[in-house]
Amino acid sequence: MNIAFVSSEVVPFSKTGGLADVAGALPVEVAKLGHDVKVFTPKYGTIDEQKYGLEYQGWIGEMPVRVSGIDHPTHVHKSIIPDSEVEVYFIDFPPYFFRDKIYTDDFDEADRFILFSKGTLEIIQRLSWKPDVIHCNDWQTGLLPLFVKDNYNWNKLFHHTATLYTIHNIGYQGRFGKETLGKAEVKEGYFINFGEVEHNGAVNFMKAALSFADIINTVSETYAKEILTQEYSSGMDHILNYRSQDLYGILNGVDYNAWNPESDEYLPHHYSKKNLAGKLKNKEFLCKQFNLPFHPNIPLIGIISRLAVQKGFDLIARSLDYLSHLPCQYVILGSGEDYYEDMFRTFASYRPEKAASYIGYNNELAHLIEAGADMFLMPSHYEPCGLNQIYSLKYGTVPIVRKTGGLADTVKDWDERRSMGLDDGNGFSFHDYNGFALTDAVERAINCYSNQDVWNKIISNGMQCDFTWQHSAEKYIELYQKAIGKVK
Ligand code: ADP
């Protein structure tokens with residue numbers, strides 16, 4: 001199969017979140033399974049061209065891409081995803097992509113990603129490469145399935161091209177004013193009330209994709225079910241229920257080259273499932289780094305997160321007093337909303353023997369916390385997939401999570417599994433979104449921690465879980481085939 005993978009961020013070139021990780025890993029795994037995958041992404045000013053060996057594609061030269069009736073002179077560069085043969089094509093139009101940030105609140109945000117979507121199809125035409133599937137991701141590529149079916153339908157190259165659209169987070173939809181129709185050259189007919197691209201009076205890029213993509217998926221099976229409900233769909237439940245026969249969930253994989261306690265370059269002490277001695281030493285090192293008293297027998301609970309309501313910090317806020325009286329310590333790494341940054345700063349300054357925090361983004365510390373903490377707390381309100389709980393399992397850091405989205409698909413509650421006569425639990429989870437349910441799960445974890453045999457079993461169950469990309473890639477190939485089946 002020929003697969004075009006279109007993403008507004010790709011590791012290692014650009015990243016704001018999990019989408020970039022998927023875009024840097026999944027195409028490589030799909031290629032390993034014998035398919036021709038090409039990746040398409042914008043050339044942001046922040047990308048280090050020298051480091052990543054971007055090559056200008058002189059043979060394409062100036063490539064006009066029409067937005068708002070103007071042919072914008074774009075250019076194309078090419079590189080590969082490191083340690084692979086997967087080609088990455090960069091769409092270069094400095095007035096749009098040479099900005100401080102990948103995503104902006106600027107007046108022309110819609111224009112930027114219209115140009116990206118159309119530019120991708122323009123490059124594909126110049127390559128004379130017939131894609132069997134165009135795999136689109138998140139709102140930035142939301143208009144692409146419509147362009148394939150309509151604006152670019154004149155070109156035979158796309159006559160049998162199927163589209164797959166992946167939702168990485170339904171909270172971000174790309175909503176713009178009606179004038180966007182003209183900018184993108186999208187027919188007014190799609191903008192009638194409840195039309196294909198209309199939602200609450202706005203042009204909605206994600207809705208366009210949900211209307212026109214042949215197959216839709218999201219990044220965990222549970223999230224695929226949740227987004228059919230009003231509570232989790234951010235207004236997309238009608239169209240998703242209409243398309244429910246074409247909606248799937250595939251859990252993301254993780255990169256165990258970067259996240260493995262046996263080889264992690266950031267850890268002072270490596271360890272494995274068979275020999276956990278290094279884990280305790282990492283805990284001691286972590287406590288020193290954070291100026292926390294080191295207690296080998298008191299559980300240390302880690303948090304690494306964007307500090308946003310989505311991640312359940314309102315629940316923690318409500319329960320903080322109670323949590324601060326439990327026999328455990330906390331180490332928090334995060335940045336985001338001021339309220340929660342202040343909350344954790346204050347907690348750490350009032351209870352320095354109990355809690356420490358680092359407000360900011362720090363990848364090295366993230367690795368150290370995963371290794372040094374005994375438990376990892378992630379009480380998300382919603383979680384499309386989630387990475388940290390998966391890393392935690394591999395690091396023997398028992399996750400305590402809310403049972404939602406990808407958290408529900410990766411963490412099995414120890415007590416719940418015991419009540420079913422099974423001893424394969426790898427963490428603790430709670431369902432109801434309230435402080436009592438949260439603190440109950442934390443207390444259950446703390447109680448188990450004091451029983452060495454039980455705790456070691458939970459750790460061991462987690463460390464043997466395997467969420468490699470290969471498994472997910474095989475499932476994506478099945479979806480590509482389903483999508484192709486729909487356009488035949
Ligand atoms: P989301 O993409 O919704 O933020 P995920 O759990 O899918 O949540 O992925 C978050 C990623 O970002 C993880 O790799 C996590 O380690 C990392 N991360 C989040 N906050 C920080 C931070 N303050 N410092 C370092 N890494 C962070």
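A residue is called buried here when its relative accessible area is under 20%, exposed when that area is over 50%, and partly exposed in between, with a 1.4 Å probe and protein chains only. Helices (H or I, at least four residues) and strands (E, at least two) are DSSP runs, numbered from the N terminus. The structure is a predicted model, in which local features need pLDDT of at least 70 and side-chain atom pairs count only at pLDDT 80 or more, whereas totals for chains, interfaces and linings use all residues. Residues are numbered from 1 along each chain as its sequence is written, and side-chain values use heavy atoms, with hydrogens and water left out.

With these terms in hand, helix α13 (residues 363-372) can be described as mostly covered, since 8 of its 10 residues are buried. Those buried residues are L365, A366, H367, L368, I369, E370, A371 and G372. Their cover, in terms of contact (heavy atoms within 4.5 Å), includes the helices α10 (277-290) and α14 together with the strands β14 (300-307), β15 (329-336), β16 (355-359) and β17.

The loop between β17 and α14 holds S380, which counts as buried at 0% relative accessibility. Leaving aside neighbours within four places in sequence, S380 is in contact with Q310, K311, G312, R402, T404, L407 and Y433.

On the scale of the whole chain, the protein is divided into domain 1 (2-253 + 470-487) and domain 2 (277-466), with bounds that come from an automatic or database domain assignment. The centres of domain 1 and domain 2, taken over C-alpha atoms, are separated by 34 Å, and 16 residues of domain 1 are in contact with 16 residues of domain 2.

A nonpolar core is a set of buried Ala, Val, Leu, Ile, Met, Phe, Trp, Tyr and Cys residues joined through side-chain atoms within 4.5 Å. The largest such core has 166 residues, of which I134, I316 and Y480 touch the most other members. Because domain 1 and domain 2 both give residues to this core, it lies between them. For I316, the contacts beyond four places in sequence are I303, L323, M343, F344, L377, P379 and L438. In soluble globular proteins, nonpolar side chains tend to be buried together.

Another buried residue is L143, at 3% relative accessibility, placed in the loop between β7 (133-137) and α5 (144-149). Not counting residues up to four places away in sequence, L143 touches I114, A184, F205 and A208. L143 and M206 are 63 residues apart in sequence, yet their C-alpha atoms are 7.7 Å apart in space.

Aromatic contacts come next. Rings of Phe, Tyr and Trp (its six-membered ring) pair if their centres lie within 6.5 Å, and planes under 30 degrees apart count as stacked, over 60 as edge-to-face and the rest as tilted. By this rule there are 25 aromatic pairs. In one of them, Y223 and Y382 are stacked, at 6.2 Å centre to centre and with 10° between the planes. This pair links distant parts of the chain, with Y223 in helix α8 (residues 221-226) and Y382 in the loop between β17 (375-378) and α14 (388-394), 159 residues apart. Y223 is buried at a relative accessible area of 0%, and Y382 counts as buried at 16%. The rings of F313 and Y340, in turn, have centres 5.9 Å apart and planes at 45°, so this pair is tilted. Here too distant parts of the chain are linked, namely F313 in helix α11 (residues 313-324) and Y340 in helix α12 (residues 338-350), 27 residues apart. F313 is buried with a relative accessible area of 1%, and Y340 counts as buried at 7%. One aromatic cluster is formed by Y44, F93, Y96, F97, Y103, F113, F116, W139, F176 and F205.

A charge sits over a ring if NZ of Lys or CZ of Arg is within 6 Å of the ring centre and within 35 degrees of the ring normal. The charged end of K118 sits over the ring of F147, 5.5 Å from its centre, while K394 lies over the face of Y256, at 4.7 Å from the ring centre.
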